[in-house]
Structures are given as C-alpha cells and as structure tokens.
Amino acid sequence: MALILALVVVGLAGLGLIALYNRLVQLNVRADNAWADIDVQLKRRHDLIPNLVRTVEGYASHEQKSFQAVIEARGAAMAARGPAQKEQAEQRLGASLRQLFALAEAYPELRAVESVQVLQASLGSIEENLQSARRYYNAVVRDFNTATVQFPSNLIATSFGFRRRPFFELEDPAEATVPPVRF
C-alpha cells in the first residue's frame with residue numbers, strides 16, 4: 001500500500017513538473033510571437049517613412065539635414081536586434097520623426113496634399129497598432145518572467161535554461177505617445 005502511495009505521489013509530482021515546464025514553453029513561445037508582432041508593426045512604420053520623407057522633402061528641400069537624420073535613424077532601427085537595441089533605435093527614430101513633423105507644420109501647403117493626409121492616417125494607425133503590440137508583448141513577458149522566478153517553476157526554468165526576457169519599454173515619456181502628425 002505504501003509503495004502504491006509513493007508511486008502515486010511521484011507520478012503526480014512528475015505530472016506537475018511537466019505542467020510547469022509546458023507552461024514555461026508556452027509563455028516563451030507567446031513572447032516570441034508577440035515580439036514578431038512588434039517587428040511587423042515596426043517594419044510597416046519603417047516602410048512608410050521614405051514616402052513621408054519624399055513628400056515633405058518636395059516642399060522643404062532646403063532642410064536636407066532633417067531628412068538625412070530620419071533616414072539614418074530608420075536604418076539604425078531596421079538594423080537593431082532584440083528589445084534593448086530596438087528600444088534605443090526606435091526612440092532615436094521617434095525623435096527624428098518629431099523633428100520632421102515640426103518641420104512639415106511650417107509649410108501650410110502640405111496640409112492640403114492628399115498623399116500627406118493618407119500618410120498621416122497610415123502612420124497614426126501603425127502607431128496605435130505598435131502600442132498595442134508593445135503592451136501585449138510586455139504582458140506576456142511579465143507573465144513569463146513571473147513564472148521564471150516563482151517557486152517551484154523557477155526550479156524548472158533554471159534547470160532548462162529559461163532566462164528572463166527584457167521588456168520593450170520606452171525611457172522617454174514623450175515617446176510613449178503617438179507622434180503628433182498635423183500637416
């Protein structure tokens with residue numbers, strides 16, 4: 001009878017460990033998927049920027065330095081890998097975009113251009129989707145990181161090499177809002 005009870009306890013403990021491992025794997029995969037969603041939104045944003053620069057450049061061609069800063073920041077953001085590098089590069093890109101928008105506001109004739117209005121709407125939509133993707137990613141990372149430090153799943157996490165994941169945070173509070181696009 002004691003042997004059967006011991007086997008049942010060992011079996012239940014084994015099932016519990018399997019369940020904990022599978023939960024960590026599931027959260028890890030969800031975090032990878034959430035990061036991929038952020039990458040998709042960032043790619044959409046990066047693809048829109050050359051059109052925006054070309055449109056504004058036609059009206060303010062003497063502001064070449066501002067346009068070059070946006071293009072360089074876009075290149076750095078596209079080349080960045082992982083949350084920490086992406087975070088830094090996207091902050092730089094956001095700052096250069098804000099400069100471009102401020103420059104564009106100085107040219108009232110841009111407000112009437114239909115392509116600028118379409119770009120404005122597209123950028124607003126992309127920024128909203130990006131914020132949503134960032135929030136989802138950070139929620140999944142929070143759950144994953146919590147699971148990697150809570151007992152007893154921390155034992156499984158340590159044993160199988162699950163490491164805490166970085167959040168995709170914005171250090172500059174001004175960057176946390178959608179860039180103002182008012183042409």
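Student: Which residue meets Asp39 in a salt bridge, side chain to side chain?
Tutor: This is a predicted model, where local features need pLDDT of at least 70, side-chain atom pairs count only at pLDDT 80 or more, and totals for chains, interfaces and linings use all residues. Numbering runs from 1 along each chain as its sequence is written, and side-chain values use heavy atoms, leaving out hydrogens and water. A salt bridge puts a side-chain nitrogen of Lys or Arg within 4 Å of a carboxyl oxygen of Asp or Glu. At 3.4 Å, N to O, the partner of Asp39 is Lys86.

Student: How many residues apart in sequence are the parts that Lys86 and Asp39 tie together?
Tutor: Helices are DSSP runs of H or I, at least four residues, numbered from the N terminus. Lys86 belongs to helix 3 (residues 82-105) and Asp39 to helix 1 (residues 2-59), so their pairing links parts whose separation in sequence is 47 residues.

Student: Is Lys86 buried or exposed?
Tutor: Buried means under 20% relative accessible area, exposed over 50%, and partly exposed in between, with a 1.4 Å probe and protein chains only. Asp39, the salt-bridge partner, is partly exposed because its relative accessible area is 30%. Lys86 has 5% relative accessibility, so it counts as buried.

Student: Which helix holds Arg92, the salt-bridge partner of Glu72?
Tutor: The side chains of Glu72 and Arg92 meet at 4.0 Å, N to O. The two ends are partly exposed, Glu72 at 42% relative accessibility and Arg92 at 43%. Glu72 sits in helix 2 (residues 64-79), so the pair ties together parts 20 residues apart in sequence, with Arg92 in helix 3.

Student: How many salt bridges does the structure hold?
Tutor: Some of them share partners, joining Arg45, Glu90 and Glu127 into one network. The count for the structure is 7.

Student: Which residue makes a polar contact with the side chain of Arg165?
Tutor: Arg165 is found in the segment after helix 5, and because its relative accessibility is 17%, Arg165 counts as buried. Contacts (heavy atoms within 4.5 Å) beyond its neighbours within four places in sequence include Tyr137, Val141 and Phe144. A polar contact is an N or O pair within 3.5 Å; within protein, one atom must be able to donate a hydrogen and the other to accept it, and residues adjacent in sequence count only through side-chain atoms on both sides. At 2.8 Å, the side chain joined to that of Arg165 belongs to Asp32.

Student: What is the C-alpha to C-alpha distance between Pro152 and Leu17?
Tutor: Pro152 is in the loop between helix 4 (114-149) and helix 5 (153-159), and its 34% relative accessibility is why Pro152 counts as partly exposed. Pro152 and Leu17 are 135 residues apart in sequence, while in space their C-alpha atoms are separated by 8.6 Å.

Student: Last one: is Leu12 buried or exposed?
Tutor: Leu12 lies in helix 1. With 56% relative accessibility, Leu12 counts as exposed.

Technical notes:
Helices (H or I, at least four residues) and strands (E, at least two) are DSSP runs, numbered from the N terminus.
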